[in-house]
Amino acid sequence: MAERDRRVSSTRLDQPRETRRALLPRPTMSQETFGRWSEQFARFMGTAQFLIAMTVFVVFWVAWNLVSPKDWRFDNYPFIFLTLMLSLQASYAAPLILLAQNRQADRDRVALEQDRARDERNLADTEYLTREVASLRHAMGDAATRDFLRSELRGLLDELEERGLEVRRREADDSPTGPTGSSREHGAT
């Protein structure tokens, strides 16, 4: 009975498991540090420097193993060791490049969400301003605007000129009362 209780208590979910001490400590690396390193690696592999260096390396390898004395050659004609090294490099490079792409996709997703939120705020602000302008227009109703008054006065001046009356237009700088004031001395004659 005691053995059964011990077995049941070790599988219960409301009690923590006993932790075992590891014989050797596990090496740990921050995911952020590893991710930054993989991005730097992927960025370096996409440069012309890397391609030129790899080309020089492969050409040197092949030339060494074809031209050098037979005793100094370490990888004969089918270049199996070179193929193995390039395959090993590719097998490590591909996951590192994918990791870098995933991190970039995550950053792009966050930027897209921020852009979407900013666009929603801008749309809400625009809708608010549109409603305010509409309410101001509605409140003004038949009130004359500056542009309306100017067009009416221009129309009256044109009508006076058509009737043959001479109209002197006052310049804003010449007026004694300023650009917005009125003077009875200047006007139509």
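## Helix α2: two sides

Gln40 and Arg43 are exposed on one side of α2. Gly35, Ser38, Glu39, Ala42 and Met45 are buried in α2. They cover an arc of only 130 degrees around the axis, which puts them on the same side of the helix. An α-helix has 3.6 residues a turn, so residues three or four places apart point the same way. The buried residues of α2 pack against α3 and α4.

Helix α2 runs over residues 31-45 and has 15 residues. From its first C-alpha to its last it reaches 21 Å, close to the 21 Å expected at 1.5 Å a residue. A side-chain contact sits at its start: a side-chain oxygen of serine 30 comes to within 3.2 Å of the backbone nitrogen of glutamate 32.

## Overall make-up and confidence

The protein has 5 helices and 0 strands. From the N terminus on, the order is α-α-α-α-α. Of the 189 residues, 11% count as buried. Among contacts with a separation of 6 or more, 44% join residues 24 or more positions apart.

Mean pLDDT is 82, and 80% of the residues reach 70 or more. Among the elements, helix α3 (residues 48-67) has the highest mean pLDDT, at 95. Helix α1 (residues 2-10) has the lowest, at 55. Over residues 181-189, pLDDT stays under 50. The model has 12 contacts beyond four places in sequence for that stretch. Where pLDDT is low, the predicted coordinates should not be read in detail.

## Helix α3: one buried face

Which residues of α3 are buried? They are Phe50, Trp61 and Asn65. Seen down the axis of α3, these residues fall within an arc of 20 degrees, so they line one face of the helix. What covers them includes α2 and α4.

The other side of α3 is exposed at Ala48, Gln49, Leu51, Ile52, Val56, Val59, Phe60 and Val67. The length of α3 agrees with expectation, because its 20 residues should span 28 Å at 1.5 Å a residue and its end C-alpha atoms are 28 Å apart.

## Annotated transmembrane regions

An unreviewed UniProt entry places the feature "transmembrane region" at residues 44-67 and 79-99. In the model, residues 44-67 are 92% helix and 0% strand. The end C-alpha atoms of residues 44-67 lie 31 Å apart. Residues 79-99 are 95% helix and 0% strand. The end C-alpha atoms of residues 79-99 are also 31 Å apart.

## The loop between α3 and α4

Serine 68 is found in the loop between α3 and α4. Serine 68 is buried, with a relative accessible area of 7%. Its side chain reaches the backbone oxygen of tryptophan 64 at 2.4 Å. Leaving aside neighbours within four places in sequence, serine 68 is in contact with Ala63 and Arg73.

Phenylalanine 79 is found in this loop too. Phenylalanine 79 counts as buried because its relative accessibility is 11%, and buried means under 20%. The backbone here deserves a look: phi of phenylalanine 79 is near 50 degrees, a positive value in a residue other than glycine. Most residues other than glycine have a negative phi.

## Arginine 103 in helix α4

Is arginine 103 buried or exposed? Arginine 103 is buried, with a relative accessible area of 16%. This residue is found in helix α4 (residues 80-140).

Beyond four places in sequence, arginine 103 touches Gln31, Glu32, Gly35, Arg36 and Glu39. Two of these, Gly35 and Glu39, are among the buried residues of α2. A polar atom of the arginine 103 side chain lies 3.5 Å from the backbone oxygen of glycine 35.

Helix α5 covers residues 146-162 and has 17 residues. From first C-alpha to last, α5 reaches 24 Å, close to the 24 Å expected at 1.5 Å a residue. Just after α5, glycine 164 takes a positive phi of about 95 degrees.

Definitions and conventions: Residues are numbered from 1 along each chain as its sequence is written. Side-chain values use heavy atoms; hydrogens and water are left out. Helices (H or I, at least four residues) and strands (E, at least two) are DSSP runs, numbered from the N terminus. Buried means under 20% relative accessible area, exposed over 50%, partly exposed in between (1.4 Å probe, protein chains only). A polar contact is a pair of N or O atoms within 3.5 Å; within protein, one must be able to donate a hydrogen and the other to accept it, and residues adjacent in sequence count only if both atoms are side-chain atoms. Contact means heavy atoms within 4.5 Å. UniProt positions are given in the numbering used here, feature names are shortened, and annotations may be inferred rather than shown by experiment. pLDDT is the predictor's confidence in each residue, from 0 to 100. The expected span of a helix is 1.5 Å times one less than its number of residues. The arc is that of the directions from the helix axis to the C-beta atoms.
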